[in-house]
Amino acid sequence: MTAFGTVFMPEMIVSDFNGAQWSSPAVVPSDSLQLHPGAHVFHYASTCFEGLKAFRHPDGSINIFRMDRNIKRMSQSSRLLSLPEVDQSLLEKMILDITEKFASEVPEPPGSMYIRPTHIGTEAAIGKAAAPSATSLLYVLLSPVGDYFSGDAGALRLLLREEGMRCAPHMGEVKSGGNYASALPSILQARAEVKADQVLFCPNGEVQETGAANFILFDDNEVITKSLDSTLLHGVTRDSVLQLARDMGMSVQERDLTVAELLERAAKPGCEAALSGTAAVLAPVGTLIYQGKEHRVGSGEPGALTTRLRGMMNDIQWGKAEDPHGWLTRVG
Ligand SMILES: Cc1ncc(COP(=O)(O)O)c(C=O)c1O
């Protein structure tokens with residue numbers, strides 16, 4: 001099986017901002033991009049991206065999940081990085097056009113077409129450490145993906161880390177490359193030292209999120225996850241799972257969660273925890289590693305509720321269930 005995100009469609013769609021306006025989108029080969037080595041993005045990390053998916057339904061139609069949310073987030077990331085303002089309707093058209101062009105390549109469920117809009121500062125100006133790039137490039141890559149998380153991979157092991165943080169606290173809600181680079185040393189260390197799959201960043205003892213997913217705790221009828229602020233990414237999957245939980249009559253609490261409360265709740269037999277994100281949907285967490293000690297979450301195995309919510313999400317995405325919240329946009 002090829003690694004997630006390593007296969008690309010041969011073409012992408014691009015539009016560039018010349019300082020005054022966006023060009024009409026063009027479909028070009030996706031294996032190269034000509035940029036000046038002095039481009040702002042290479043020096044001052046003026047870059048943000050998105051990740052969303054298109055799904056093939058039983059009637060053959062192609063449907064994109066919560067595209068409006070990703071477009072809004074991309075626009076906000078661009079603003080918070082002082083990149084040129086994204087034209088949201090232009091980006092929507094770019095996503096729809098390139099997905100339609102490669103509609104026949106969208107895999108059958110559990111596979112999907114992963115869509116990666118990217119926005120970078122292109123101005124060749126190495127003296128602009130304290131000034132924004134006047135020009136930029138927006139492009140949308142497509143990558144067919146399989147079942148990232150097959151369900152029989154078992155439950156994840158997370159290292160709870162209180163020292164440091166994933167990224168600067170005012171940047172967590174920005175989906176920008178630098179945040180991921182910033183989290184890497186902690187993740188690599190956790191893998192090497194305690195064989196953790198991910199790090200759950202808990203600055204000052206407050207549970208936040210992992211390097212690329214939100215964290216959700218399920219305790220009986222309660223669903224607990226950190227409320228939205230600038231320190232964490234406002235996950236589209238998180239929002240969707242919370243909505244489905246509300247639909248099921250569960251008590252959803254978006255609030256602070258301390259490591260102490262997490263460990264106390266996790267010790268109860270029925271407790272479950274999961275990571276939410278576009279790539280993995282909802283991945284069960286079985287073990288929390290804290291100060292050298294391993295704590296099982298509930299039974300330590302993937303839980304029934306996590307599996308059920310994941311199934312409900314998949315059924316909507318795959319066109320096997322109603323889409324009561326209007327989350328899907330049909331392509332073409
Ligand atoms: C840091 C971070 N948190 C959370 C998420 C989950 O967000 P979403 O559900 O929108 O994919 C992601 C993935 O995009 C992420 O990179």
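The questions and answers below walk through parts of this predicted model.

Student: How are the residues numbered, and which pLDDT values apply in this predicted model?
Tutor: Residues are numbered from 1 along each chain as its sequence is written. The model is predicted, and while totals for chains, interfaces and linings use all residues, local features need pLDDT of at least 70 and side-chain atom pairs count only at pLDDT 80 or more.

Student: What distance separates the end C-alpha atoms of helix α2?
Tutor: Helices (H or I, at least four residues) and strands (E, at least two) are DSSP runs, numbered from the N terminus, and α2 covers residues 67-80. The expected span of a helix is 1.5 Å times one less than its number of residues, so the 14 residues of α2 should span 20 Å. This agrees with the distance between its end C-alpha atoms, which is 20 Å.

Student: Within what arc do the buried residues of α2 fall, seen down its axis?
Tutor: A residue is buried if 20 or more other C-beta atoms lie within 10 Å of its own, exposed if 12 or fewer, and partly exposed in between, with C-beta atoms placed from the backbone. In α2 the buried residues are M67, N70, I71, R73, M74, S77 and S78. They line one face of the helix because their directions, taken from the helix axis to the C-beta atoms, fall within an arc of 165°.

Student: Which residues does N70 touch, not counting residues up to four places away in sequence?
Tutor: N70 lies in helix α2 and is buried, because 24 other C-beta atoms lie within 10 Å. Counting two residues as in contact if their C-beta atoms, placed from the backbone, lie within 7 Å, N70 touches E50, L52 and V236.

Student: How far apart in space are M74 and V86, C-alpha to C-alpha?
Tutor: M74 is another residue of α2, and it counts as buried because 23 other C-beta atoms lie within 10 Å. Leaving aside neighbours within four places in sequence, M74 is in contact with C48, E50, V86, L91, P117 and H119. In sequence M74 and V86 are twelve residues apart, while the distance between their C-alpha atoms is 7.8 Å.

Student: Which residue of β6 is the bridge partner of A54?
Tutor: Strand β4 (residues 52-56) has five of its five residues buried, with L52, A54 and R56 on one side and K53 and F55 on the other. Two strands pair if DSSP finds at least two bridges between them, and β4 pairs with strand β6 (residues 112-121) in the antiparallel sense over three bridges. Within this pairing, the bridge partner of A54 is M113.

Student: Which residue in the turn between β4 and β5 has a positive phi?
Tutor: β4 also pairs in the antiparallel sense with strand β5 (residues 62-65), over three bridges, and R56 stands opposite I62. The two strands form a hairpin with five residues between them, and the turn residue with a positive phi, about 90°, is G60.

Student: Which residue of β9 stands opposite L158?
Tutor: Strand β8 (residues 156-161) runs parallel to β9, and four bridges join them. Together with helix α4 (residues 177-194) they make a right-handed β-α-β unit, where right-handed says that, with the strands pointing away from the viewer, the path from the first strand over the helix to the second runs clockwise. The residue opposite L158 is Q198.

Student: Is K195 buried or exposed?
Tutor: K195 lies in the loop between α4 and β9, and its phi is positive, about 55°, although it is not a glycine. Most residues other than glycine have a negative phi. Because K195 has 11 C-beta neighbours inside 10 Å, it counts as exposed.

Student: Which helix supplies the largest share of the shell around the ligand?
Tutor: A residue is near a molecule if its C-beta atom, placed from the backbone, lies within 6 Å of it. Of the 13 residues around the ligand, L233, G235, V236, T237 and T278 come nearest. While α5 (236-247) and β13 (272-277) each supply at least two residues of the shell, the largest share, three residues, comes from α5.
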